[in-house]
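Please work through the exercises below with the sequence and the structure side by side, and try each task before you read its solution.

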Amino acid sequence: MTCGNVPRMTIPAPVPRHFARRAAWTATALVASALFLFPLVVMVLGSLRLPGLAPPSELELIPDPVTLEGWRRAFTLVPLARSMLNSLLVAAIYTPVAVVVASWAGFGIAQLRGRWRQLLVGLVLVLLMIPVTAMWIPRFAIFEAAGLVGSYVPLLAPALLGGSPFFVLLYAFAFRRIPGDVLDAARLEGAGPLHVWRRIAMPLVRSTTAAVAMLAFVQSWANFIDPLLYLDRESAYTAPLMLRFLETLGPTNWPVLLAGAAAVTAPVVLLFLVMQRFFLTEERGIGWIGR
Amino acid sequence: MDRALIAAFALALALAACVNGGAAQATEVTLSVSGDPAEIQAFRTLIAAFEDREPSIRIRLDAVAHPGDQVTKLAIAFSGARPPDLFIMNFRRFGQFAVKGVLEPLGARADTSGRLDLDDFYPQALDAFSFRGEQLCLPQNISTQVVYLNEQLFADAGITRPESWDWEMFLDVARRLTRDTDGDGNTDVYGLGLPPELITLAPFVWQNGGEVVDDLEMPTRTVLLDEAAIEAMRFFIELRRVHKVAPSLPEVAAEDLETRFASGRLAMLIESRRFTPTLREIPGLEWDVAPLPQNVQQATMLHSDAYCMAKSSTLKEAAFRFVEFALGPEGAPIIARTGRTVPSLRSVAESHAFLTPGQKPEHPRVWLDQIQFIHRTPIVGTWNEIEDRADVIVEEWFYGQERPEALGVEIDIATRELFAEPDIS
């Protein structure tokens, strides 16, 4: 057999190439990470500067003195903790509802054939192009007629439509990658559409679900305009509205704004850290990144 | 999963009901305001004092941070037939509500009120909120643009605070304060910071005897076209382009004017009263205020906010009781003590609540002395958009290369159609 010689002849060459490629990839990833991390680091370090001082003339990485006074003021000047809890409550309902509805819609589109599917995908794309501002007044009038202005329902309602046409498209493309035989086999065994969606399709697009859940959470968490338009009592305000108050404090209080911004960013970063293992799993070939 | 979904919907409805719970009390008046946390806190104090006095009326405070956000919210709320009973609005933004006829005139109510004395209000502030012969809103404050100055930088240059000055002296002081402190060829301290906007340019035009619009009551266009206006605009623009006493566009982009002043790298800044609380916080910063310079006459720009009431409010009596209290001898000092505004009532403006002896600035009377020289912009529904379009052009001219004579023409071309938009009333 020649296989004993082959490794000796071929292995030495690929290893350095492989190593170089890996090193280049790692270096690129590190640079990209640093680019994205730098603003976060500046935000956190800036929040540790003493409020009330004139702002530094140059980039000051390590404040002198280091203090948590900015954090204290961010949580006492405005009810930031309460507003974050409100945001968390809204996002905790919004995210799963958006995921379920978007996946239903995406699954339905993926199951269609030919022109019907093209038509619906086209419709979703058209919906994506409608300016959000064009819907402000009609939406407000509808919720006012329903007596729901002042409640969280207008903030949650988009989740009943899947959160965003983009989420529906993500799911539609993900479900399209599932071989038709898999779903047909389940149907032949008598499984209904909900059963197929829940037991067969959803487990195969876990990465997409992670991505949509993450995006839906951020969409709800960072939503500024709906709370501004629909909420009319301070006790119900969400975190973005409170950050806006800290923004008005002026240049001497940037540490307070940065502390508030860091506090409001933290849940999103934590969620990303928890969810990233779903993005990086080997099943991504079936999911949103694609094969 | 199905059960979880149903549970999520149920929770959403429960939460919605929870937030709405107890909202619709018969005498709960909604008040919409904008401001920083200290101002909002002052409103909470004001409301608490009012509710102590009038236990049968509750005030729901709907506070947002930025005036622009408040206008967006109000515009949508009026369109959706659910405006707040009361709101506080700047006079430059109030036109869009006035022309639509959605405001309840408060002048007649004030006339018959036993608690308000219209004669105590500065007439300039009342005038800014009257529209087509009716006093629609009642002013809460009246501020003007002044020159904030860094006393240490003035002392270093051997200059004393001017009680009054003309353009020539103003420019000379700005030149002497503009310095390259480390000798590297770059300017480290600029003499003057002035936001290149229409409302900062306008006082210079008025000081030179020019006008901004053709008719203050029924404007049809801007008229920054005559010799007086052109000379004023040239002076304004050359402060940056020729004399280099103001920072360049990249320098302002890197560090805004307020930050420069707060950190001692800008000797003078043209701003309204709103900058005062920020400066009071900075330890060691020595600062004061001076009037705007004059040329053929003295002139400054009005800044004023007022209580306005929605015509569709069903709680007008209760809402006006709050206005009476807020603008009366008990309520007005509460807001005045924030230091951010100049009271619209003479009696409060002349009191310690505003003059705050022992606190900076040393010469708060500058604001009161300038009230007699106040000019204002017209009340038209599109004034916000007119300013937005004009500001872009003023900035382009201030930092760019275009001929100063063409600035007025450009503003006229860009804004004339907005004056022609019909009122909806």
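The model is predicted, so local features need a pLDDT of at least 70 and side-chain atom pairs count only at pLDDT 80 or more, while totals for chains, interfaces and linings use all residues. Residues are numbered from 1 along each chain as its sequence is written, and chains are lettered from A and ligands numbered from 1 in the order in which they are written.

**Exercise 1.** Describe the elements and the overall spread of chain A.

*Solution.* Begin with the elements, where helices (H or I, at least four residues) and strands (E, at least two) are DSSP runs, numbered from the N terminus. Chain A has 14 helices and 0 strands. Along its principal axes, the C-alpha trace of chain A spans about 80 × 65 × 30 Å.

**Exercise 2.** Judge the confidence in chain A from its pLDDT.

*Solution.* The pLDDT is the predictor's confidence in each residue, from 0 to 100. Its average over chain A is 87, and 90% of the residues score at least 70.

**Exercise 3.** Which residue classes make up the side of chain A that touches chain B?

*Solution.* First count the residues: 38 from chain A and 37 from chain B take part in the contact. Helices of chain A that each supply at least two residues to its side include α4 (80-111) and α6 (136-145). By class, that side has 24 nonpolar, 7 polar and 7 charged residues, where Ala, Val, Leu, Ile, Met, Phe, Trp, Tyr, Cys and Pro count as nonpolar, Asp, Glu, Lys and Arg as charged, and the others, Gly among them, as polar.

**Exercise 4.** Find the element of domain 1 of chain B that gives the most to the side touching domain 2 of chain B.

*Solution.* Start from the bounds, which come from an automatic or database domain assignment: domain 1 of chain B is 26-142 + 304-366, and domain 2 is 144-302 + 382-419. In the contact, 21 residues of domain 1 of chain B meet 16 residues of domain 2 of chain B.

**Exercise 5.** Is F91(B) buried or exposed?

*Solution.* Locate F91(B) in helix α4 (residues 91-98) of chain B. A residue is buried if 20 or more other C-beta atoms, placed from the backbone, lie within 10 Å of its own, exposed if 12 or fewer, and partly exposed in between. F91(B) has 23 such atoms within 10 Å, so F91(B) is buried. Among the residues that F91(B) touches are F129(B) and L302(B).

**Exercise 6.** In what order do the 3 strands of the open sheet in chain B lie?

*Solution.* Two strands pair if DSSP finds at least two bridges between them. The order is β8-β13-β15, with mixed pairing, and β8 (143-144) and β15 (374-375) of chain B are the edge strands, each pairing on one side only. β8(B) pairs with β13 (residues 300-303) of chain B in the antiparallel sense over 2 bridges, and L302(B) in β13(B) is the bridge partner of T144(B).

Definitions and conventions. Contact = placed C-beta atoms within 7 Å. Rg over C-alpha atoms; globule rule 2.2 N^0.38 Å. Lists of a residue's contacts leave out its neighbours within four places in sequence.
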